[in-house]
Amino acid sequence: MREPLVIRGEHTNQEIDDIVQGILSAVGFDESILAKYPHMFSGGQKQRIVLARALVLRPEVLICDEPVSALDVSVQAQILNLLVDLQKKFNLTYLFISHDLHVVKWVSHQVYVMYLGQIVEHATKATLFANPAHPYSDLLLESTPHLGQAPPNILRSDDIHSLLKGGSHCAFSERCSSRTERCLAEAPSLEAFATKHEVRCFNPRRPSLVGEKVGLL
Ligand code: SF4
């Protein structure tokens with residue numbers, strides 16, 4: 001945690017100690033952890049240390065790639081709450097990458113849905129979860145597991161096949177229920193659909209009155 005500050009060369013040793021102490025305190029530790037080795041920490045503690053290490057140079061943007069996917073659910077909640085607190089405290093922007101829609105809903109303000117390497121929809125969290133416009137986003141939200149129900153298998157081998165085929169067509173066309181002739185002859189681009197809402201689709205779904213696809217945590 002000290003090393004980036006030492007390399008930057010802008011602080012005295014005492015100032016570096018104070019900065020490290022402040023960041024450790026922000027993620028819920030006291031200085032006693034500085035005498036411990038990595039194997040002495042739990043997975044959640046290690047994740048908090050990684051966060052502290054990332055924050056020590058006071059970045060404006062943090063890229064968090066599946067930051068809680070390896071943790072137990074109860075520890076996930078602690079880390080997510082900590083992330084939300086740190087965002088407010090340090091005025092951070094997160095680029096948060098996740099396959100877990102509940103997690104996305106908890107931490108996000110703007111959501112980008114990706115399919116086979118392309119952004120297919122961008123919307124505010126409220127819009128995306130209430131009224132997904134791209135057929136894939138719709139299917140993704142439908143796939144959210146519920147107690148007692150097996151989620152549908154949403155990625156078929158056809159999808160990979162359609163990508164490998166290349167050519168000018170929508171990458172989602174082989175499994176899209178809204179497909180038209182145009183979808184097979186032309187690749188859609190990401191275009192404005194409504195205010196703060198972009199969709200890569202020739203036949204985006206119109207807002208419904210059905211409400212949220214994924215309930216609150
Ligand atoms: S462009 Fe056509 S095939 Fe692709 S998602 Fe939209 S409706 Fe479906």
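Welcome! The shell around the ligand holds eight nonpolar, three polar and one charged residues. This is a predicted model, in which local features need pLDDT of at least 70, side-chain atom pairs count only at pLDDT 80 or more, and totals for chains, interfaces and linings use all residues. Residues are numbered from 1 along each chain as its sequence is written.

**Around the ligand**
- The shell consists of P135, C170, F172, S173, C176, S178, R179, C183, P188, C201, F202 and N203, where a residue counts if its C-beta atom, placed from the backbone, lies within 6 Å of the molecule.
- For the classes, Ala, Val, Leu, Ile, Met, Phe, Trp, Tyr, Cys and Pro are nonpolar, Asp, Glu, Lys and Arg are charged, and the others, Gly among them, are polar.

**The protein overall**
- The protein has nine helices and six strands (DSSP runs numbered from the N terminus: H or I of at least four residues for helices, E of at least two for strands).
- Of its 217 residues, 23% count as buried, with 20 or more other C-beta atoms within 10 Å of their own.

**Helices α3 and α4**
- The axes of α3 (residues 43-55) and α4 (residues 73-90) come within 10 Å and cross at roughly 20°; axes are lines fitted to C-alpha atoms over the stretch in contact, with angles from 0 to 180 degrees between N-to-C directions.
- The two helices, α3 and α4, are therefore roughly parallel (angles under 35 degrees).
- In α3, G43, G44, Q47, R48, L51 and L55 meet V75, Q78, I79, L82, L86 and F90 of α4, contact being C-beta atoms, placed from the backbone, within 7 Å.
- This contact of α3 with α4 has seven nonpolar, four polar and one charged residues.

Terms used:
Parallel < 35°, antiparallel > 145°, perpendicular 65-115°, else oblique. Contact = placed C-beta atoms within 7 Å. Buried ≥ 20, exposed ≤ 12 C-beta atoms within 10 Å, placed from the backbone.
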